[in-house]
Amino acid sequence: MSNYKYHILVCGGTGCVASQSPQIKASLEQKIAEHNLTNDVQVVTTGCFGFCEKGPIVKILPDNTFYTQVKPEDANEIINEHIIKGRKVTRLLYIDPKSSERKSDSKHMGFYQKQLRIALRNCGFINPENIDEYIARDGYAALAQVLETNDPQQTIDIIKKSGLRGRGGGGFPTGLKWEIASKNPADQKYMICNADEGDPGAFMDRSILEGDPHTVLEAMAIGGFCIGASKGLIYIRAEYPLAIRRLEIAIKQARELGLLGENILNSGFSFDIELYYGAGAFVCGEETAMIHSMEGNRGEPTFKPPFPAQEGYLKKPSNVNNVETFANIPVIILKGWEWFSSIGTKNSKGTKVFALAGQINNVGLIEVPMGITLREVIYEIGGGIKGGKKFKAVQTGGPSGGCLTEKFLDTPIDYDNLLAAGSMMGSGGMIVMDETSCMVSVAKFYLDFIVEESCGKCSPCRVGNKRLYELLDKITLGKGTIDDLNLLKNLSKVIKDTALCGLGQTSPNPVLSTIDNFWDEYLAHVVDHKCPAGQCKALKSYHIDPDNCIGCGVCARNCPVGAIKGEKKMPHEINQALCIKCGTCYEKCKFNAIFIK
Amino acid sequence: MSSIKIKIKKETKDKIVEICNSFNNSPKELINILHKTQDFLGYLPAEAQEVIAEQVKVPTAKVYGIVSFYSFFTMIPKGKHPISVCMGTACYVRGAEKVLDEFKHLLNIKVGETDSAGKFSLASLRCVGACGLAPVALIGGKVYGRLAPDDIKKILSEYDDCECQR
């Protein structure tokens, strides 16, 4: 490698690619060539920096300057000012919303200060398409160490003592899982990586695969050695083309260097990895369903036991772990279980990656130590609620999880606390909602998802969830009764107790947790026929306040159905029979004269 | 099982047979075969499923069972410019539903349908992973972020000039 004076890192995550980061890279390279700087400055595409809200991100090393919302036409100024003259391009620096100061590097940004990056340690630092960069950051050193020690049980013990639990949602201790699979003798075993990230609003696994694919390959080889598997299989969503491409490149590079394939590092251990494509089915995140899908069938779950560790892929013992779980393994081996178990809470060690999204200022991918509070995540990392509105709830755990309210803001986040609060860790979606979100509609949104994704094998899930959806729909239309609320509760409990798989058993959670935390809001829908958040169309009406209306006519001109009438310079009126409640008048009025009842 | 009445062109059939052969006609590879066939045809018409079933030696119902199970597979040809509106939770809470409604309204089609000219088709999908740009829609490979219902008309008009004959 040549000695570059500057490295310009351009984010190549999905969000930034969508806002022209490849063009930024091209313009930077063009300007570098024009100034004959190709031997001094290198432009690298990296994985996700996490700060998606302010993308595309460009970071310059060695001075750690962090530019946000860069456009391709900014390339000229970055090269001319920063690289040639050594002056930072101030207008592209991040503005701290609290102090209104511009921050020149990421270490001083609230978004990064509370974070601890273990699984994402390489995302945004290395070029994911170059194995040398991974190796330069201790990549494959853990595999070498494990193979040299040549004692699978010793490695399993390290993982067990570290306290690492499955990051896909279940939270099963990873070391124990490996130990069980290692003790089932068979002529062939499989190490499977579950990369079928199906939660709507979650993109942790995708970012790891796009930003640091080798860490997953290395960890799978380590796991394979521990349980005695010579084959690794990655089940990945076909909707993730960039992650697939980077994995393919990574596998090829690892094979070329002998880090995958026959007789790895002369240890006598052979291990190779193949990709399997999912085809869009949420239930395939459930391990038995995923295995059926890999075998070329409908992805329907089956009853456990037998567990995959006993009878998995092609009836052979198989071990399934999630992408983020794997990403923790190499670091634990290199830094020791004592270090890892010193982070986090009593029963939840290490960190968790969350996809922070929704009505929040800093949408992005974050990694925080277990035990951090929701308040720190939302207000310090997330920068608070968008538009200065009031916090209402945060939804964790995706469609199987629940909503947490203000009273849980200071609860330390870990597996057990979230479960006790009526939600769950899940895979790491964290959706923040403000006062304009109607919780009945949110529950309906998740049920709509579940109804679509239910595989149809067992009737509690197939039929029960459909009925739950219909009840919620009825309530949002203002036709619900108190009896419906009781029915909702009872039916939810029955589904929870009787459904076949994890998806079915957790599917009523969004209903139960919103009923528990927002009972008043449900009551308002069925008793007063009002939607307090003003989101349910059937339950709201728009009115003009004659005191504020100056008769400018903007509302009448913009009304798509001609429901607003009035004399010029006189207060207007809305004809409720014609109004379709689209809200256009409300958005267009500059005098706050339109209100929702 | 004998082939009933296969209406697709011979070249198309040959290509599908070739795809099946490349996976050793193994039923275990059905999902990969369907992926490749859909890459080639753009969708999976009933006739293509019959060819695959015959080739892999499983009932057509089994192939159809898989096609209808997974949302990635479609039996309806997509429009020249397939539109996908992200309905992930992050987009939903930032107003994706209104954006989707506006597409439906302007194109006069439902989700999963293609307009009569074969120009646009409309789908909703779960999370593109660009939650920072929510709400997001994809038209072809192009990503449109931070959408409001008012933007949709203008965006669709970007595709006015193209000659869209299927």
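Which domains does the domain assignment of chain B give? Hi everyone, let's start there. The assignment gives domain 1 (10-69) and domain 2 (81-157), and such bounds come from an automatic or database domain assignment. The C-alpha centres of these two domains of chain B lie 30 Å apart.

Before we go on, a word on what you are looking at. This is a predicted model, where local features need pLDDT of at least 70 and side-chain atom pairs count only at pLDDT 80 or more, while totals for chains, interfaces and linings use all residues. Residues are numbered from 1 along each chain as its sequence is written, chains are lettered from A and ligands numbered from 1 in the order in which they are written, and side-chain values use heavy atoms, with hydrogens and water left out.

How confident is the predictor? pLDDT is its confidence in each residue, from 0 to 100. Chain B averages 89, and 93% of its residues score at least 70. The model as a whole scores ipTM 0.85 and pTM 0.90.

Now look along chain B. It has 7 helices and 4 strands, where helices (H or I, at least four residues) and strands (E, at least two) are DSSP runs numbered from the N terminus. Their order is α-α-α-α-β-α-α-β-β-β-α. The C-alpha trace of chain B spans about 55 × 35 × 20 Å along its principal axes.

Chain A is next. Its assignment lists domain 1 (6-112), domain 2 (131-340), domain 3 (351-434), domain 4 (439-528) and domain 5 (541-596). Between the C-alpha centres of domain 2 and domain 5 of chain A there are 59 Å.

So, how do the two chains meet? Counting contact as heavy atoms within 4.5 Å, 34 residues of chain B and 50 residues of chain A take part. The buried area is about 3,300 Å², and carbon and sulfur atoms give 55% of it; that is the accessible area (1.4 Å probe) that two parts lose on being put together, summed over both.

Across this interface there are 3 salt bridges, each a side-chain nitrogen of Lys or Arg within 4 Å of a carboxyl oxygen of Asp or Glu. One of them joins A:K588 to B:D150, with the closest N and O atoms 3.8 Å apart.

On the side of chain B that touches chain A, α2 (30-41), α4 (60-69) and α5 (89-93) each supply at least two residues. The largest share, 5 residues, comes from α4(B).

Technical notes. pLDDT = per-residue confidence, 0-100.
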